[in-house]
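Subject: Structure handover

Hello,

Here is the structure we talked about handing over. Please have a look at it first, then read the notes below.

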Amino acid sequence: MNAIQPGSFLTLRYRLCGPDGAAVIDTFDDKPATLSLGTGQLSPAIEQRLIGLPEGVQTSFELPPGAAFGDRNPELLQRVKRTLLAELGDPDAEYHAGDVVQFPTPDGAGAYAGVVRETHADWVLFDFNHPLAGQAVRFDVHVMGVL
C-alpha cells in the first residue's frame, strides 16, 4: 500500500470546512479530485498533514486559525479608484459588498480575486486576503489512490 510522499500524484475525495463547519469545497458527492502534491492546489499546511497517509485512509484534521491560509493581513485591504476599475474592466460595472472581482496580474498572465468590502463614490475597498485567512479549518479526506 502506497503512502503519500512529497510530489505524489493523488486521487482523493475531500471536504474543506470553515470555522462554522460549513463546507467551502466538497468533492465527496462528486467526482474524486486528482492533484499533485507540491503544485499549490492545496495549502502547504494541508499538504504537510497529508504526507505519510496511506492509500485507502479516511481521516479528518483541524488546523488552528491562520495555519491553513495564513493570518489576515491588513495591508491586503486596498482602496481602488473607480477610474482605475473602469480602465481595467467594464466602465459600467456596479460593485456591491460581498462581490468577488477578478483582477489581472501585472504581467497579464494570470488573475487574482478581491472581495468588495465597502463602496464609495470615488473608490471601492477590496479585501485580497484568502477568504479563510486567520480562521480555523477542518479537512476531511479519503485517500483513494497514491502514485
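The structure holds eight aromatic pairs. Rings of Phe, Tyr and Trp (its six-membered ring) pair if their centres lie within 6.5 Å; planes under 30 degrees apart count as stacked, over 60 as edge-to-face and the rest as tilted. Tyr95 lies in the loop between helix H2 (82–88) and strand S6 (100–104), and Phe126 in strand S8 (residues 123–127), so the pair ties together parts that are 31 residues apart in sequence. Helices (H or I, at least four residues) and strands (E, at least two) are DSSP runs, numbered from the N terminus.

Before you go on, note that this is a predicted model: local features need pLDDT of at least 70, side-chain atom pairs count only at pLDDT 80 or more, and totals for chains, interfaces and linings use all residues. Residues are numbered from 1 along each chain as its sequence is written, and side-chain values use heavy atoms, with hydrogens and water left out.

Tyr95 is buried, at 14% relative accessible area. Phe126 is buried too, at 0%. Buried means under 20% relative accessible area, exposed over 50%, and partly exposed in between (1.4 Å probe, protein chains only). Ring pairs also link Tyr95, Phe103, Tyr112, Phe126 and Phe128 into a cluster.

Next, strand S8. Five of its five residues are buried. Trp123, Leu125 and Asp127 sit on one side, and Val124 and Phe126 on the other. S8 has strand partners (two strands pair if DSSP finds at least two bridges between them). Strand S5 (residues 77–81) runs antiparallel to S8, joined by five bridges. Here Arg79 stands opposite Leu125. Arg79 also lies over the face of Trp123, 4.3 Å from the ring centre. A charge sits over a ring if NZ of Lys or CZ of Arg is within 6 Å of the ring centre and within 35 degrees of the ring normal. Strand S7 (residues 111–119) pairs with S8 in the antiparallel sense over four bridges. Thr119 stands opposite Val124 there. A hairpin through three residues joins S7 to S8.

Now the charges. There are five salt bridges, each a side-chain nitrogen of Lys or Arg within 4 Å of a carboxyl oxygen of Asp or Glu. Arg72 and Asp127 form one of them, at 2.3 Å from N to O. Arg72 lies in the loop between strand S4 (58–63) and S5, and Asp127 in S8, so the pair ties together parts 55 residues apart in sequence. Arg72 is partly exposed, at 41%, whereas Asp127 is buried, at 2%.

Arg15 and Asp140 meet in another, at 3.0 Å from N to O. Arg15 is in strand S1 (residues 9–17) and Asp140 in strand S9 (residues 137–146), 125 residues apart. Arg15 is partly exposed, at 21%; Asp140 is buried, at 7%. Arg138 also forms a salt bridge with Asp140, the closest N and O atoms being 2.9 Å apart. Salt bridges that share partners join Arg15, Asp26, Arg138 and Asp140 into one network.

Best wishes
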